[in-house]
Amino acid sequence: QLRIWWKVYNKKERMDKFLILKSESLLPTEKIAGNGARIDLSIITDFLGVAALNVTSFDTAATSATANFHGASEKESTINGTTEIMLRELYRPFNFELGEMLGGGEIW
């Protein structure tokens, strides 16, 4: 769908109208002593032009979601090596195209 929007807007307009983030950037990345996991949402709130969020209430949900994701056993959370290679090869052209559209070449 980005192809359609990229035809409608020039590069400057795209930067003003679209914020594209990797989902990994929304996972808690650091521990703040006594406060649990934190996610810096300021890039999103700044882009939208809205007031900063009270991150304290968001931390509980984020920590819970991360715990559920990472709570899977090692066996459940890993992908078969052959399957991973097949999927990487299958999606390589699409990931490359997305990277090109975002100005950075291959992104995964």
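Here's a quick tour of this protein's layout, its last helix and its salt bridges. Keep in mind that the model is predicted. The protein has six helices and two strands, and along the sequence they run α-α-β-β-α-α-α-α. Buried residues account for 13% of its 108 residues.

**Helix H6**
- H6 covers residues 81-101. With 21 residues at 1.5 Å each, H6 should span 30 Å, and its end C-alpha atoms sit 29 Å apart, so the two agree.
- There's a bend of about 50 degrees at Arg92, with a proline, Pro93, following within four residues.
- At the start of H6, Asn80 points a side-chain oxygen to within 2.8 Å of the backbone nitrogen of Thr82.
- Just past the other end, Gly103 has a positive phi of about 85 degrees.

**A nonpolar patch**
- Ile79, Met86, Leu87, Leu90, Tyr91 and Phe94 make a nonpolar surface patch of about 580 Å². Met86 is part of H6.

**Salt bridges**
- The whole structure holds four salt bridges, and here are some of them.
- Glu97 pairs with Arg3, with their closest N and O atoms 2.6 Å apart. Glu97 is in H6 and Arg3 is in H1 (residues 2-8), so this pair ties together parts that are 94 residues apart in sequence.
- Lys12 pairs with Asp16 at 2.8 Å between the closest N and O atoms. They're four residues apart in H2 (residues 11-17), which means about one helical turn separates them. Lys12 is exposed at 54% relative accessible area, while Asp16 is partly exposed at 48%.
- Arg88 and Glu84 also form a salt bridge (3.1 Å, N to O), and both lie in H6, four residues apart.

Note on methods. Residues are numbered from 1 along each chain as its sequence is written. This is a predicted model: local features need pLDDT of at least 70, side-chain atom pairs count only at pLDDT 80 or more; totals for chains, interfaces and linings use all residues. Side-chain values use heavy atoms; hydrogens and water are left out. Patches are made of residues with over 30% relative accessible area and no salt bridge: like charges are joined within 9 Å, nonpolar side chains (Val, Leu, Ile, Met, Phe, Trp, Tyr) within 5 Å. Accessible areas come from the Shrake-Rupley method with a 1.4 Å probe; for residues, only the protein chains shown count as cover. A salt bridge is a side-chain nitrogen of Lys or Arg within 4 Å of a carboxyl oxygen of Asp or Glu. The expected span of a helix is 1.5 Å times one less than its number of residues. The bend at a residue is the angle between axes fitted to the seven residues ending there and the seven starting there. A polar contact is a pair of N or O atoms within 3.5 Å; within protein, one must be able to donate a hydrogen and the other to accept it, and residues adjacent in sequence count only if both atoms are side-chain atoms. Buried means under 20% relative accessible area, exposed over 50%, partly exposed in between (1.4 Å probe, protein chains only).
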